[in-house]
Amino acid sequence: MKRMTKRVLPLLLAALMVCALLPATALAAPSLTIRSEEELRDFAAQVNAGRSFSGSVVTLETDITLNRGMLDASGKLKPGTYAPWTAIGTEKHPFQGEFAGKGHTITGLYVNDDTLNYQGHFGVISAATVCN
């Protein structure tokens, strides 16, 4: 047993030294950075298709305006100028990661379907953190 310990200990120490040399990002959870409406809508589609983002950090890097120009000067909705929002996360595929808004805003969210449950920016989250 003593002989085996002498062989294993140097290997463990070598492995620890290699890990210490790796940048912290190499050991961190995968992440996603969102900088545009297209990336935000793509993120929602990925979650709703089954990618939970569990263990990942999703970061909003800038303010995003969805449906820019959908209101006229009086504040009324201009027909045909908007795309409805599909909430992030469903009962079958909830968002399970961390969403860091970093103080940024998302405006112009358009939801108008009274047949759907769980409407809003996020629909269903589970074991997730959402902060701004």
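**Talking through a predicted fold**

Q: Starting with Tyr118: what's its relative accessible area?
A: Tyr118 comes out at 44%, so the residue is partly exposed. The cut-offs are under 20% relative accessible area for buried, over 50% for exposed and partly exposed in between, using a 1.4 Å probe and protein chains only.

Q: And where in the chain does Tyr118 sit?
A: In the loop between S5 and S6.

Q: OK, back to phi. What's the story with Asn67?
A: Asn67 has a positive phi of about 55 degrees, although it is not a glycine. It lies in the loop between strand S3 (64-65) and S4.

Q: Asn67: buried or exposed?
A: Buried, because its relative accessibility is 9%.

Q: Zooming out, how many helices and strands does the chain have?
A: There are 3 helices and 6 strands. Those are DSSP runs numbered from the N terminus, with helices being H or I of at least four residues and strands E of at least two.

Q: In what order do they run?
A: Starting at the N terminus, you get α-α-β-α-β-β-β-β-β.

Q: How much of the chain counts as buried?
A: 23% of the 132 residues.

Q: And what share of the contacts comes from residues 24 or more positions apart?
A: They account for 81% of the contacts with a separation of 6 or more. A contact here means heavy atoms within 4.5 Å.

Q: Pick a strand residue for me. What does Thr59 touch?
A: Leaving out residues up to four places away in sequence, Thr59 touches Leu32, Thr33, Ile34, Ala100 and Lys102. Thr59 belongs to strand S2 (residues 57-60), and at 14% relative accessibility it counts as buried.

Q: Switching to rings: how many aromatic pairs are there?
A: A search of the whole structure turns up 6. Phe43 and Phe53 make an edge-to-face pair, 5.1 Å centre to centre with 75 degrees between the planes. Rings of Phe, Tyr and Trp (its six-membered ring) pair if their centres lie within 6.5 Å; planes under 30 degrees apart are stacked, over 60 edge-to-face and the rest tilted.

Q: Which parts of the chain does the Phe43 and Phe53 pair link?
A: Distant ones: Phe43 is in helix H3 (residues 37-48), while Phe53 is in the loop between H3 and S2, 10 residues apart. Both Phe43 and Phe53 are buried.

Q: Why is the pair of Phe99 and Phe122 called edge-to-face?
A: Because the planes of Phe99 and Phe122 sit at 80 degrees, with ring centres 5.4 Å apart. That pair also links distant parts of the chain, 23 residues apart: Phe99 in strand S4 (residues 98-100) and Phe122 in the loop between strand S5 (106-107) and strand S6 (129-131).

Q: What are the relative accessible areas there, for Phe99 and for Phe122?
A: Phe99 has 4% and is buried. Phe122 is buried as well, with 17%.

Q: Which residues make up the aromatic cluster?
A: Phe43, Phe53, Phe95, Phe99 and Phe122 form one cluster.

Notes: Residues are numbered from 1 along each chain as its sequence is written. This is a predicted model: local features need pLDDT of at least 70, side-chain atom pairs count only at pLDDT 80 or more; totals for chains, interfaces and linings use all residues. Side-chain values use heavy atoms; hydrogens and water are left out.
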